[in-house]
Amino acid sequence: MSIVTNGRTYLENELNEVLKKNNKLFIPYIMAGDGGLDQLIPTLTFLQEAGASAIELGIPFSDPVADGKTIQKAGIRALQHGVTLKGIVELLKQERHKIHIPIIFMTYINPIFHYGVTSFVRDIKEAGVDGIIIPDLPFEEQHLIKDELKEADIALIQLVSLTSVSERQQKIAEHSEGFLYAVTVNGTTGVRNDFSDVLHDYLRNLKQFSKVPVVAGFGISSPEQVQTVSQLCDGVIVGSKIIELLQNNDDESIKQLIEAAYRF
Amino acid sequence: MIYELPNTNGYFGRYGGKFVPETLMGAIKELEAAYDEAIQDQHFQNRLQSLLKDYVGRENPLYFAQNLTEKLGGPNIYLKREDLNHTGAHKINNTIGQALLAERMGKKKIVAETGAGQHGVATATVCALLNLDCVIFMGAEDIKRQKLNVFRMELLGAKVVSVDQGSATLKDAVNEALRYWVAHIEDTHYIIGSVLGPHPFPKIVRDFQSVIGIETKKQLFEKEGKLPDAIVACVGGGSNAMGMFYPFIENESVKLFGAEAAGRGIHTDKHAATMTKGSAGILHGSMMYLLQDEHGQIQEAHSVSAGLDYPGVGPEHSFLHDSKRVTYEAITDEEALDAFQLLSRTEGIIPALESSHAVALAMKLAKTMSKEETIVICLSGRGDKDVEQVKDKLNE
């Protein structure tokens with residue numbers, strides 16, 4: 001087993017490698033422990049082989065206010081399987097070496113706070129987590145964890161939204177690490193048919209502000225949307241649709257979604 | 001003691017803050033600015049005062065409960081009669097203020113959550129008055145238990161949306177109201193029902209509710225020429241308590257007591273005793289005391305009183321608990337039911353089950369106080385809504 005130093009630098013290098021080959025980034029979101037924790041490594045392996053650029057790994061939480069019904073239900077299924085943050089971290093400590101693409105945690109702040117910020121950061125570093133997205137920790141509240149993450153070289157990925165005013169978009173973009181998560185709709189995660197007309201300008205502005213890749217997420221569900229949206233930035237995150245397809249064992253459709261990011 | 005909280009970042013000590021998705025940050029800042037402007041604006045203040053007087057029916061009485069006082073043989077007991085407000089509880093003090101704010105911000109649509117339906121009714125009422133669209137999220141379980149309040153809200157023109165996610169109760173209704181707000185942020189204001197949520201909500205709700213404490217202070221001075229020795233209020237999220245306590249915080253001689261719900265007992269898993277049994281955590285936009293498991297998953301709360309059935313407690317209460325300025329005691333369902341009956345019999349006043357927790361705690365405190373002392377109970381709401389449930393409980 002080769003020694004890989006996971007973390008922010010690794011995440012940024014890996015994403016840049018994909019972009020250098022003129023591909024767009026495709027980051028699937030899955031709920032850790034949906035279907036039981038023993039499903040996690042096989043699912044990660046499948047997504048890696050299907051061409052995912054990185055994985056956004058959702059940590060189940062009882063009150064996920066940023067998520068729509070699909071992800072809420074996946075979280076409840078995971079909790080019903082007895083999945084815990086500690087369990088996920090322990091599993092990754094053992095098995096992380098089987099997956100070479102970057103892994104990003106997406107977790108609400110309370111499970112981290114309850115775990116203890118210092119122990120959490122130490123443990124996820126050991127588990128080979130490269131970055132973290134915390135949807136209910138806006139810029140103003142990041143003092144809770146920022147320094148610990150920096151010390152551990154784990155990327156704190158910023159979320160920016162259509163409602164963020166321009167100066168704020170710029171400030172958030174400049175501070176993002178790993179990539180910038182551009183929320184494409186006013187709303188929660190979940191399948192949508194239409195995107196706002198202003199998406200084009202929004203993503204173009206973010207591209208100008210950001211030193212790291214700009215990745216769009218929320219509501220993206222078809223290969224066509226993957227193509228359209230990723231043309232406007234550096235790639236996409238697909239969550240609810242991936243969860244649905246995994247539930248239906250529809251591997252083929254997942255591959256098609258991922259390949260849509262490769263047709264450039 | 002000078003008390004000036006929250007600080008500019010929305011913190012009461014370590015509690016509070018703005019833990020919300022980025023999409024909401026713009027609206028929260030807009031609200032903060034609008035509120036700071038509004039409270040300086042004489043026109044806004046006049047409008048608010050006039051509605052509180054002529055529509056809500058303020059000021060409501062501070063009533064000397066002579067029979068209860070004699071029965072308990074201790075301090076003079078006064079009841080602050082929030083139950084006499086229009087819609088039957090203190091909730092409307094806040095909904096009127098926030099609806100006027102929404103109007104001022106040019107937002108024509110209102111979203112709110114409700115547990116038993118009291119805040120939902122108070123919100124639907126002011127929306128009818130000010131011609132605002134109104135959507136109320138309510139847990140599917142609560143809808144079943146409170147059919148009459150659902151009808152009441154619909155009668156007032158509100159749309160009531162059933163929430164079947166999670167435990168399908170108040171906590172989940174707040175989640176869903178927050179999600180709805182994110183998706184309709186451009187034209188919608190969220191009227192949160194208690195001193196909860198991201199800054200500036202806990203401050204705004206406290207300020208609008210503090211009319212309770214301001215009136216109490218003035219009224220007791222007129223009657224007794226002094227400050228009360230103790231004040232008791234029930235605490236779920238904690239809005240009536242915060243409104244009552246806030247004007248007295250700097251008066252250190254006044255002992256402040258919050259009654260939280262012990263449900264079937266704090267040694268069971270059926271309670272809502274967030275101060276007694278909870279720990280600090282982050283939910284619904286702020287850091288506060290929470291009922292949570294060892295992994296930081298939020299637990300369900302239980303109380304005979306739907307208004308106290310919430311697994312968190314406002315950030316300012318969390319701070320006042322740590323700083324020991326307020327003493328929080330847990331009152332069981334049984335104690336509250338006893339107080340419910342006692343007040344009904346002795347004074348001819350049927351209190352809400354929520355307020356019955358405050359009455360029960362006051363009864364305990366009365367035993368430790370002298371006849372020269374005075375205690376004020378915040379009677380936050382009337383009990384008509386609860387009589388059917390109490391009847392069933394007493395027949396159990």
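Where is the place of Q146(B)? Q146(B) sits in the loop between α6 (140-145) and α7 (147-155) of chain B. This is a predicted model, in which local features need pLDDT of at least 70 and side-chain atom pairs count only at pLDDT 80 or more, while totals for chains, interfaces and linings use all residues. Residues are numbered from 1 along each chain as its sequence is written, chains are lettered from A and ligands numbered from 1 in the order in which they are written, and side-chain values use heavy atoms, with hydrogens and water left out. Helices (H or I, at least four residues) and strands (E, at least two) are DSSP runs, numbered from the N terminus.

**Single residues of chain B**

- Q146(B) is buried, with a relative accessible area of 14%; buried means under 20% relative accessible area, exposed over 50%, and partly exposed in between (1.4 Å probe, protein chains only).
- Not counting residues up to four places away in sequence, Q146(B) touches A116(B) and M138(B), where contact means heavy atoms within 4.5 Å.
- T87(B) is found in the loop between β4 and α4 (91-104) of chain B, and T87(B) is buried, with a relative accessible area of 18%.
- Leaving aside neighbours within four places in sequence, the contacts of T87(B) are I92(B), Q118(B), V121(B), A122(B), T125(B) and R382(B).
- I136(B) belongs to strand β6 (residues 133-139) of chain B, and I136(B) is buried, with a relative accessible area of 0%.
- Not counting residues up to four places away in sequence, I136(B) touches a list of residues including A112(B), E113(B), G120(B), M153(B) and V161(B).
- From C-alpha to C-alpha, I136(B) and E176(B) are 9.8 Å apart in space and 40 residues apart in sequence.

**A sheet and a helix in chain B**

- Six strands of chain B form an open sheet in the order β3-β4-β15-β9-β10-β14, with mixed pairing; two strands pair if DSSP finds at least two bridges between them.
- The edges are β3 (62-64) and β14 (326-332) of chain B, each with a single partner strand, so one side of each is left without a neighbour in the sheet.
- Neighbouring strands of this sheet are turned by 25° against each other on average, direction ignored; axes are lines fitted to C-alpha atoms, for helices over the stretch in contact, and angles run from 0 to 180 degrees between N-to-C directions.
- β3(B) and strand β4 (residues 76-81) of chain B run antiparallel and are joined by three bridges; F64(B) has Y78(B) in β4(B) as its bridge partner.
- Helix α14 (residues 333-347) of chain B packs on the sheet and touches β3, β4, β10 (255-263), β14 and β15 (374-379) of chain B, and its direction makes about 90° with that of β14(B).
- Helix α9 (residues 201-209) of chain B is mostly covered, with eight of its nine residues buried; among them are F201(B), I204(B), R206(B) and F208(B).

**A sheet in chain A**

- Nine strands of chain A form an open sheet in the order β5-β4-β3-β2-β1-β9-β8-β7-β6, with parallel pairing.
- β5 (155-156) and β6 (158-160) of chain A stand at the edges with a single partner strand each, so one side of each has no neighbour in the sheet.
- Strand β2 (residues 55-58) of chain A is covered on both faces: I55(A) and L57(A) on one side and E56(A) and G58(A) on the other are all buried.
- Strand β1 (residues 25-31) of chain A runs parallel to β2(A), joined by three bridges, and Y29(A) stands opposite E56(A).
- Four bridges connect β2(A) with strand β3 (residues 103-106) of chain A, and these strands run parallel; L57(A) has F105(A) in β3(A) as its bridge partner.
- Helix α10 (residues 223-231) of chain A packs on the sheet, touching β1, β8 (214-217) and β9 (235-238) of chain A, and its direction makes about 140° with that of β9(A).

**A helix pair in chain A**

- Helix α11 (residues 240-247) and helix α12 (residues 251-260) of chain A pack at an angle of about 155°, with their axes 8 Å apart.
- α11(A) is therefore roughly antiparallel to α12(A); angles under 35 degrees count as roughly parallel, over 145 as roughly antiparallel, 65 to 115 as roughly perpendicular and the rest as oblique.
- K241(A), I242(A), L245(A) and L246(A) of α11(A) meet S253(A), I254(A) and L257(A) of α12(A) in this contact.
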